[in-house]
Amino acid sequence: DEKESIGVALGNALVKQLNSEMVKKGQAIHELNEKSGSLLSSVRLHERGTLSQNERVRLRKVILYLQENPEQSVELIPQFGISSAEERQVERSRYTQHLIENFLNRRGISLSRIFPVWPGEEHRSSESVGGVRIHTLQ
């Protein structure tokens, strides 16, 4: 239905704008259902340093996808284990998101298409060793 698709597009545009404003203030809105976006890649959590060669190769594939699909944006969703220290994991998640943002932006992807999600309790998983998942934002 055309009205529904227009409504979904407007709703998604509003979420993108709100997320952009909240990220500037150190918060984020995460309304995306994991099933509505496709997983493009993931990067392990970093405390310091740079991305590995393998991670850079995978991010170049994300860049190619974004160049071929200029209407698409990506969301950087943290994921870490249950037993991890909260503050340290938040710092590692934010640092890794920053590495990814910088890598993509230096290669021509606008920051307006990259939405880091603020780490929270909903990003804990017993199966996770820690990383940032890169999902498409529909």
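Trainee: Where is Pro78 placed?
Mentor: In this predicted model, Pro78 sits in strand S2.

Trainee: Is Pro78 buried or exposed?
Mentor: Pro78 is buried, because its relative accessible area is 0%, and the cut-off for buried is under 20%.

Trainee: How many residues of S2 are buried?
Mentor: Six of the seven are buried, so S2 is largely enclosed by the rest of the structure.

Trainee: How far apart are Pro78 and Val132?
Mentor: Their C-alpha atoms are separated by 4.3 Å, although the two residues are 54 apart along the chain.

Trainee: In which sense do S2 and S4 pair?
Mentor: They pair in the antiparallel sense, over seven bridges. One of the pairings is that of Leu76, whose bridge partner in S4 is Ile134.

Trainee: And how do S2 and S3 run?
Mentor: S2 and S3 run parallel and are joined by three bridges. Val74 has Ile114 as its bridge partner in S3, and Glu75 has Phe115.

Trainee: What is the order of the strands in the sheet?
Mentor: The order is S1-S4-S2-S3, in an open sheet of four strands with mixed pairing. Strand S1 (39-44) and strand S3 (114-116) stand at the edges; each has a single partner strand, so one side of each is left without a neighbour in the sheet. On average, and ignoring direction, neighbouring strands of this sheet are turned by 25° against each other.

Trainee: What holds paired strands together in general?
Mentor: Strands of a sheet pair through backbone hydrogen bonds, in either a parallel or an antiparallel way.

Trainee: Which strands does H2 lie across?
Mentor: H2 lies across S1, S2 and S4, and runs at about 150° to S1.

Trainee: Let us turn to the core. Which residues touch the most other members of the largest nonpolar core?
Mentor: They are Leu59, Ile100, Leu104 and Ile134, out of 18 residues in that core. The elements that contribute two or more residues to this core are helix H2 (53-68), strand S2 (73-79), helix H3 (86-106) and strand S4 (131-137).

Trainee: How many salt bridges does the structure hold?
Mentor: The structure holds one salt bridge. In this salt bridge the side chains of Arg44 and Glu55 meet, at 3.7 Å from N to O. Arg44 lies in strand S1 and Glu55 in helix H2, so the pair ties together parts that are eleven residues apart in sequence.

Trainee: Are those two buried or exposed?
Mentor: Arg44 counts as partly exposed, because its relative accessibility is 47%. Glu55, in contrast, is buried, with a relative accessible area of 3%.

Trainee: To finish, a view of the whole chain. How many helices and strands are there?
Mentor: The chain has three helices and four strands. From the N terminus on, these elements run α-β-α-β-α-β-β.

Trainee: What percentage of the residues is buried?
Mentor: Buried residues make up 39% of the 138 residues in the chain. The chain exposes about 8,100 Å², and carbon and sulfur atoms supply 51% of this area.

Trainee: And what about contacts between residues at least 6 apart in sequence?
Mentor: Among such contacts in the chain, 82% join residues at least 24 apart.

Methods. Residues are numbered from 1 along each chain as its sequence is written. This is a predicted model: local features need pLDDT of at least 70, side-chain atom pairs count only at pLDDT 80 or more; totals for chains, interfaces and linings use all residues. Side-chain values use heavy atoms; hydrogens and water are left out. A nonpolar core is a set of buried Ala, Val, Leu, Ile, Met, Phe, Trp, Tyr and Cys residues joined through side-chain atoms within 4.5 Å. Buried means under 20% relative accessible area, exposed over 50%, partly exposed in between (1.4 Å probe, protein chains only). Two strands pair if DSSP finds at least two bridges between them. Axes are lines fitted to C-alpha atoms, for helices over the stretch in contact, and angles run from 0 to 180 degrees between N-to-C directions. Contact means heavy atoms within 4.5 Å. A salt bridge is a side-chain nitrogen of Lys or Arg within 4 Å of a carboxyl oxygen of Asp or Glu. Accessible areas come from the Shrake-Rupley method with a 1.4 Å probe; for residues, only the protein chains shown count as cover.
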